[in-house]
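Here is a brief report on one protein chain. Please look over the sequence and the model before reading on.

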Amino acid sequence: MHGEHATHNANGMAMPEHAEQGMEMKMQSSVNIADPMNRESSGTAWVPDSTPMYGYMKMFSDDMLMLHGGIFPRYTNVTTRRGDDRIDAPNWIMAMYSHPFSDTTQIGGRLMMSLDPLTEQGRGYPLLFQSGESWHDQPLHDRQHPHDLFDELSISLSQKFTDDLSAYLYFGYPGEPALGPPTFMHRLSAMDDPDAPIAHHWQDSTHVTFGVATAGLQWRNVKIEGSIFTGREPDENRYDFDRPRFDSFSGRISWNPTPDLALQVSHGYIKGPEGLEPDVNRHRTTASLIYNKSLGPDSNWASSLVWGQNDDTHEGKTESVLIETNYQRGRDTVYGRWERVEKSGHELVLAPADLNEIFPVNAVSIGYVRDLSHGNNIDIGLGGQFTIDFWPEELDRYYGGGPGYGFQVFLRIRPSRHDHGAMHMEEPAQSMSK
């Protein structure tokens, strides 16, 4: 920190020595100047205020830059007739920047990218019962689609009117509308799991949307927001920017009643989400509860309960529920996930006789990660995960006799918790000259 003595605040955040003299350093969200940074998640969604952050932070006078992300080089093996085994590396990187114009006004920007198009091409990652999007004009099934090179490029403007009242505008191309819980890779309860939930397209699949405009009004710890956005999911060209349509809408109410809880309910109309079926529209309703508990300076427990319902043209209502939890203590992390999803034969790409049937499928995963490098700016963990899948007998002719099993071994590489080390600050040019 340019030779300056530093102390640490209650969160372990490094501060210049002069900050002790009655000046408290408060880090705001890049979306809304009235929010603490720890509350910020994907798009404009909230996580509990007590959630720790994994990232590299740098201050330029009053401006803030934060970098974070994750990569999972791994070997995965999924049994059953529709399974696969392969080496791959799900990944994402993100930068957040904010500039305050005053104590009450701020502009923010975010960039999120994934190298999936390079590491995965387009066929997707093996994941039993996953569905959604396409490859070579065929619907994907039992695979998680890769993400686009650009997953978020957004700007936001926020205004604090009083200590209790604030508002913001958010524009993304691409971005994430106010619909669903925080996306899985931005929920701490899911952050160590290399797999997307099989309920992804019932809960949080709109997180990469080419054209989003959101307005939010916040009173204390309650927020009401609405979005207009492009309903169509990204096309197979993962390097381009798809045409914005602004043909869909959503609304969400979020409430953080305590520092350890984040609640939301939302509903949206999504026009023609699948490019292969442009006339099929979707109404999505979601609700979620996220709980986080700090158990010490290097120990944490995070859990999520998520429900989502799709009401599709010609198909009707199907539901999903997910419970996931993550317990971290020092270098060791144990996590688990259970989910149940109602998927149609059409969604799973079955034979014509089964296309209109609805099949409840279940997946249970448990995993463990041991950090080889921990708290040294970058955490590198060696992990393993075991998954059991259950399905009704009617699916045996497609998947074989159940249950199905899958396992993977992986490295989890990400930035350390920012409160493990000093926060980097850059002096203004005029100060440096002194």
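## Burial and surface

In this predicted model, 54% of the 434 residues in the protein chain are buried. The exposed surface comes to about 18200 Å². Carbon and sulfur atoms supply 60% of that area.

## Overall dimensions

The chain has a radius of gyration of 22 Å. A compact globule with 434 residues would have a value near 22 Å, so the two agree. Along the principal axes, the C-alpha atoms fill a box of roughly 75 × 45 × 40 Å.

## Secondary structure and contacts

The protein chain holds 4 helices and 24 strands. Take the contacts with a sequence separation of 6 or more: 62% of them join residues 24 or more positions apart.

## Nonpolar cores

In soluble globular proteins, nonpolar side chains tend to be buried together. Here the largest nonpolar core has 32 residues. Within it, Phe129, Leu395 and Tyr399 touch the most other members. Several elements each supply at least two residues of this core, including strand 4 (63-71), strand 9 (125-135), strand 21 (358-373) and helix 3 (396-399).

What does Phe129 contact beyond its neighbours within four places in sequence? The partners include Ile198, Leu348, Val361, Phe390 and Trp391, together with Leu395 and Tyr399. Asp142, Lys343 and Asp389 are also in contact with Phe129.

## Charge

The protein chain carries 35 positive and 60 negative charges.

Key: Residues are numbered from 1 along each chain as its sequence is written. This is a predicted model: local features need pLDDT of at least 70, side-chain atom pairs count only at pLDDT 80 or more; totals for chains, interfaces and linings use all residues. Side-chain values use heavy atoms; hydrogens and water are left out. The radius of gyration is taken over C-alpha atoms; the globule rule is 2.2 Å times the number of residues to the power 0.38. Buried means under 20% relative accessible area, exposed over 50%, partly exposed in between (1.4 Å probe, protein chains only). Contact means heavy atoms within 4.5 Å. Accessible areas come from the Shrake-Rupley method with a 1.4 Å probe; for residues, only the protein chains shown count as cover. Lys and Arg count as positive and Asp and Glu as negative; His and the chain ends are not counted. The place of a charge is taken as NZ of Lys, CZ of Arg, CG of Asp or CD of Glu. A nonpolar core is a set of buried Ala, Val, Leu, Ile, Met, Phe, Trp, Tyr and Cys residues joined through side-chain atoms within 4.5 Å.
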